2 protein chains.
Amino acid sequence: MTDASFDHRLAAVAAAVETALDALLTSEPEAGESARPARLVDAMRHAMLGGGKRLRPALGLAAAELFDVPPERALRACLAVECVHGYSLIHDDLPAMDDDDLRRGRPTVHRAFDEATAILAGDALLTLAFDVLSDPRVDPDPAARIALVRILARAAGFGGMVGGQMLDLAAEGRFSAAREAHDEAAVARIQAMKTGALIAAPIQMAAALGRADEADRAALGVYAHALGAAFQIADDLLDAEGAAETVGKATGKDAAAGKATLVDLLGRDGARARLETLTAQAIAAIAPFGARAEGLSSAARFVADRRV
Amino acid sequence: MTDASFDHRLAAVAAAVETALDALLTSEPEAGESARPARLVDAMRHAMLGGGKRLRPALGLAAAELFDVPPERALRACLAVECVHGYSLIHDDLPAMDDDDLRRGRPTVHRAFDEATAILAGDALLTLAFDVLSDPRVDPDPAARIALVRILARAAGFGGMVGGQMLDLAAEGRFSAAREAHDEAAVARIQAMKTGALIAAPIQMAAALGRADEADRAALGVYAHALGAAFQIADDLLDAEGAAETVGKATGKDAAAGKATLVDLLGRDGARARLETLTAQAIAAIAPFGARAEGLSSAARFVADRRV
């Protein structure tokens, strides 16, 4: 059963994120900029508005509650994470990558516009993410803002999300006739980089905004790692079981690409059991925070139970 | 005649940039990262090492001399600019963009590797640029580092370089049957965004590292704007006159794409005269700095006289 309290949280966060992104993605230039081309802004808005669960901002806001970080600051930091998430989807959908026509039930950016516009819209969103973090509204202390820049750059870069995407393409046998051997550890490592790093980022960023101590950061690290792994297994289960009309994107693609997932390696029952274990681990890790961690606990239950 | 002193500067800067990039682009992960995939690192190194004039770092270092900024700090900040420059070349060369096979006399990244790897290598370099700026070695004061993040993000984003690239594709008639009308102002605006913004960035960054006052920033702004415009006219003249073997990349592409340049609009003699005027403007703008501005003056003469 889906966790009702997190459903409510997600809806509230999604509305706030949508409003903030709508204001961010305009053709009105900021200081130091020229006018932003309308077609580029339209493509960025197509990718970023009107859809998405906004799970990452919801996680960042829930983590911010542990440290009394003002929610409007955490939200602004999480806009940067959403921009990185959005750019990664645009580029992943490109013909040279996963070649997807549909995303959240709508045409992907290169289908709604064209390939060149999609490449540039992704590039612009990735760049905008760091512009957002330079804004004093994220935190009046520049030291906190530059800490967020580092966290996001490492989560998204060649030792994080982009590196994971590269390993994922290699796992498809894209670059050699012989596909690389897959075991659980290898699959888990790819997933931790490809999706886990950007799920952990808003949580780490909230901890930095909250001046969390080492012990709290370590506890949140355990939580984020378990949650990211659980999220991916839930995603793989949906891919194995789901239908395109429910998920709003093509399913069964992993099988078609011949990619091993933990569902293949563990079976569906094994994968469900692993999902439960990871969820319990995540919730246990944040138990020391007490009642303040209710948001993060309900997030973990939501991820375990999600059907879309 | 090429300015000899700037030739020497460029050679020294290029050697230092090459060494620093070689150390930066390794598969050894930093804190908060997983192991970086070898193929991705190889593609990034292919794009970034063993070529390039390193004009942008040379400009940053010359500007740093005005304010006694330690050169090792300015150099590190300029690595971020080089990463952005390198990523933009990788993505611009893609089949969906300019579709180039050759860059600096070597295969472009998508030819030497493949298209997916090229997209990801560009994404990783753009992300790495901001990681570099988060490093205390750029400046011990976080306020200075976050100021550089903002400068670079605005120079590179949808109101800067990426926006200019979008307008440039539109100017080719890529998105509508009727090509947009071109006049001098429109062409100059596209070029100021597409190439001018990232030529100005290292100069603005050096001013921020040097805690320059408003008057000095304004003078450098005039210099950078004139220099960027001069650079583009020199580039257009090379494109119109040059041969592929000299420039190391395909030439005559602007004419083939039907794009108007200032050389088309002003004629070669008119463009040469404009180039001289802009160079004089750039040098006049920095005259108040006296002998310390010799590096920037010689850079302006170098740009005006360049043959490759």
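Me: How many residues of chain A are in contact with chain B, and how many of chain B take part?

Reply: A contact is counted when heavy atoms lie within 4.5 Å. In this structure, which is a predicted model, 57 residues of chain A are in contact with 57 residues of chain B. The area buried between chain A and chain B comes to about 4,900 Å², and carbon and sulfur atoms give 73% of that area. Three residues of chain A, namely A:Ile146, A:Arg154 and A:Phe158, supply 17% of the area that chain A buries against chain B, which is more than any other three residues.

Me: Which charged pairs cross the interface, and how many salt bridges does the rule find there?

Reply: A salt bridge is called when a side-chain nitrogen of Lys or Arg comes within 4 Å of a carboxyl oxygen of Asp or Glu. Across the interface of chain A and chain B the rule finds four salt bridges, and the pair B:Asp131 and A:Arg150 forms a salt bridge whose closest N and O atoms are 3.7 Å apart. Between the two chains there are also 10 residue pairs in polar contact, with both residues at pLDDT 80 or more.

Me: Which helices of chain A supply the side that touches chain B, and which one gives the most?

Reply: At least two residues each come from α2 (38-48), α4 (71-93), α6 (115-133), α7 (142-156), α8 (161-171) and α9 (184-209) of chain A. The helix that gives the most is α6(A), with 13 residues. Sorted by kind, the residues on the side of chain A that touches chain B divide into 32 nonpolar, 11 polar and 14 charged.

Me: What can be said about the overall build of chain A?

Reply: Chain A has 14 helices and two strands, and its C-alpha atoms fill a box of roughly 50 × 50 × 35 Å along the principal axes. With 308 residues, a compact globule would have a radius of gyration near 19 Å, and chain A, with 19 Å, agrees with this. Buried residues make up 57% of the 308 residues in chain A. Among contacts in chain A between residues at least 6 apart in sequence, 74% join residues at least 24 apart.

Me: Why is helix α3 of chain B described as largely enclosed?

Reply: A residue counts as buried when its relative accessible area is under 20%. In helix α3 (residues 55-64) of chain B, 10 of the 10 residues are buried, so the helix is largely enclosed by the rest of the structure. Among these buried residues are B:Leu55, B:Arg56, B:Pro57 and B:Gly60.

Me: Where does B:Ala219 lie, and is this residue buried or exposed?

Reply: B:Ala219 has its place in helix α10 (residues 214-241) of chain B, and at 17% relative accessibility B:Ala219 counts as buried. Leaving aside its neighbours within four places in sequence, B:Ala219 is in contact with B:Ala285 and B:Phe289. From B:Lys53, B:Ala219 is 166 residues apart in sequence and 25 Å apart in space, C-alpha to C-alpha.

Me: How many salt bridges are there over all chains, and which parts of chain A does the pair A:Asp141 and A:Arg211 tie together?

Reply: Over all chains the count comes to 42 salt bridges. One of them is formed by A:Asp141 and A:Arg211, with the closest N and O atoms 3.7 Å apart. A:Asp141 lies in the loop between α6 and α7 of chain A and A:Arg211 in the loop between α9 and α10 (214-241), so the pair ties together parts that are 70 residues apart in sequence. A:Asp141 is partly exposed at 32% relative accessibility, and A:Arg211 is partly exposed with a relative accessible area of 44%.

Me: Which parts of chain B does the pair B:Arg306 and B:Asp235 tie together?

Reply: B:Arg306 forms a salt bridge with B:Asp235, the closest N and O atoms being 2.7 Å apart. Since B:Arg306 lies in the segment after α14 (294-305) of chain B and B:Asp235 in helix α10 of chain B, the pair ties together parts that are 71 residues apart in sequence. B:Arg306 is buried, with a relative accessible area of 6%, whereas B:Asp235 is partly exposed at 23%.

How values were computed: Residues numbered from 1 in each chain as written. Chains lettered and ligands numbered in written order. Heavy atoms only, no water. Buried area = accessible area lost by both parts, 1.4 Å probe. Polar contact = N/O pair within 3.5 Å; in protein donor to acceptor, adjacent residues only side chain to side chain. Helix = DSSP H or I, 4+ residues; strand = E, 2+ residues; numbered from the N terminus. Nonpolar A, V, L, I, M, F, W, Y, C, P; charged D, E, K, R; others polar. Buried < 20%, exposed > 50% of the residue type's maximum accessible area, 1.4 Å probe, protein only. Rg over C-alpha atoms; globule rule 2.2 N^0.38 Å.
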